[in-house]
Amino acid sequence: MTTGQANGTDGTASTDGTASTDGSGSTGSTASTDVRAGQPVYGCMGLGGTWDGVPYTAADIAHAETAVEAALDIGITVFDHADIYRRGKAEAVFGELLDRAAGLRERIVVQTKCGIRQADGHHPGMYDLRGTHILRSVEESLTRLRTDVIDVLLLHRPDPLADPQDIAKALTSLHGQGLVRRFGVSNMSAAQIAHLQGHLDIPLVANQLEMSLGSRDWVEAGVLVNTPAAAGNGFPHGTVEYCHAREIQLQAWGALAQGRCTGDGDSPTARHVAALAARKGTTPETILLWWLQHHPARIAPVIGTSRPDRIRACRDAVGREPGLTHEEWYDLWVTARGGPLP
C-alpha cells in the first residue's frame, strides 16, 4: 500500500493550520491533529464489510485499501471513524492497513467517535455518554485501530441522561494519559456544546453535522427566521454561527448527498451541478464540496463513498480553492430548494 503525502505542517496543528503541541508536550503526528479549515475528510463508514457480526475478510481489507489509497492520492490526511461503523470492523480493517503501511500513521489524522450503543438482545439502541462508557470505547477503538493515540475523539450523539461533569472527567483523563489529543462533538446544537464546554477546560474543536446541497436545513435555518416556514425546520438556529465564532470546525457528513445531486440522479439540481462542473473544468462531486467550503465557516466536507473513482472525483476540493462566485453559490441553493428565497 502506498502511503501518500501529508499536507500538514511539522507538529500538530490548530484549526487555523498553525503548528502547536497537543498540550502534553508531544508533537505527535506530522499531520494536523485538527481538520484544517475547509479541507475534506475521508469518512470510513463504508469500510469493513457487513453491518452484522460476520468477521471481515481479505476482500474487505483489499476494498478498504483501494479506498484509502484513493483518498491519500488526492491529498486527504484526515480519516473519520466511529466505534459503531460496521460494528467495529471499519476501525479494525483500518488498523490492518496502518500495520501494513510503514510510516502512514505519522502522516495522517485519525478521528473516531463514541457514544452510540447499538441494539442487542437485551437493550434497544441508545446513546451512552457516561464516563465509563467513553473510557471503555476509547480503549477498544485504540485496540482495533492498532494505534496508541486518537488524534480527535467526537461524542457521536447527545445523550439526554449525560452528566457533563462526568463527561469532562473522562475526557480530561484521556487527554492527561495521552490517549486522545483533541475532542469534539457530532450532531449537537450550540446550546448542547456550550453546556458541555462549561464543564470542560479542554476546548472542543469540531462539530460534525449533516450538511449538503441535498440536506440544507443548516443554511435554511438562517434565512427562515420570522417566516412561517421556520416551524418546519428542525435545525437548531444559531449553531453554525456559534461554531464559526468559536473556531469549532464544522464537518459535514453526507456531503455528497448520496448521489442525489450528481450523476446518480436525474433532477434539475443534478443537471445544474453537472453543467456548472463542465464550465468550471471540474467534477460534479467537487461542485458539491465547493458549495460547502465556500461558506464563511469553511465547512470541512466528509467524503463517505468507498468508490475510488468517486473519491478521486473530489480531488479539486482538496487541491483548489472553492471556485464559486457569490451568484453561483446562490444559484445552486435556489435550484436545490426548488423555489425562491423568502
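How many bridges join strand 5 (residues 109-114) to strand 8, and in which sense do the two run? The count is 4 bridges, and the strands run parallel; two strands are taken to pair if DSSP finds at least two bridges between them.

1. Basis. This is a predicted model, in which local features need pLDDT of at least 70 and side-chain atom pairs count only at pLDDT 80 or more, while totals for chains, interfaces and linings use all residues. Residues are numbered from 1 along each chain as its sequence is written, and side-chain values use heavy atoms, with hydrogens and water left out.

2. Overall content. The chain has 12 helices and 12 strands; these are DSSP runs numbered from the N terminus, helices being H or I with at least four residues and strands E with at least two. Of the 342 residues, 54% are buried, where buried means under 20% relative accessible area, exposed over 50% and partly exposed in between (1.4 Å probe, protein chains only). Among contacts with a separation of 6 or more, 73% are between residues 24 or more positions apart; contact means heavy atoms within 4.5 Å.

3. In the order 3-4-5-8-9-10-11-12, 8 strands close into a barrel with parallel pairing. Direction ignored, neighbouring strands of this sheet are turned by 30° against each other on average. Strand 10 (residues 204-210) and strand 11 (residues 249-253) are joined by 5 bridges in the parallel sense, and Glu 210 stands opposite Trp 253 of strand 11.

4. Strand 8. Because 6 of the 6 residues of strand 8 (residues 150-155) are buried, this strand is largely enclosed by the rest of the structure. Val 152 in strand 8 is the bridge partner of Gln 111. Towards strand 9 (residues 180-186) there are 5 bridges, again parallel, and there Val 152 has Arg 182 as its bridge partner. The chain crosses from strand 8 to strand 9 through helix 4 (residues 164-176), and this β-α-β crossover is right-handed: with the strands pointing away from the viewer, the path from the first strand over the helix to the second runs clockwise.

5. Helix 4. Helix 4 lies across strand 8 and strand 9, at about 150° to strand 9; axes are lines fitted to C-alpha atoms, for helices over the stretch in contact, and angles run from 0 to 180 degrees between N-to-C directions. Leu 171 is found in helix 4 and counts as buried because its relative accessibility is 1%. Not counting residues up to four places away in sequence, Leu 171 touches Ile 134, Leu 153, Leu 155, Phe 183, Leu 200 and Ile 202.

6. Helix 1. Helix 1 (residues 58-73) has 16 residues and reaches 22 Å from first to last C-alpha, close to the 22 Å expected, the expected span being 1.5 Å times one less than the number of residues. Its buried residues include Asp 60, Ile 61, Val 68 and Leu 72. Their cover includes strand 3 (41-43), strand 4 (78-80), helix 2 (89-100) and helix 10 (308-312). Just after helix 1, Gly 75 has a positive phi of about 100°.

7. Cores. A nonpolar core is a set of buried Ala, Val, Leu, Ile, Met, Phe, Trp, Tyr and Cys residues joined through side-chain atoms within 4.5 Å. In the largest one, of 83 residues, Tyr 42, Phe 79, Ile 134, Leu 153 and Trp 291 touch the most other members. Helix 1 gives the most to this core, with 7 residues. Apart from it lies another core of 9 residues, including Val 41 and Leu 154.
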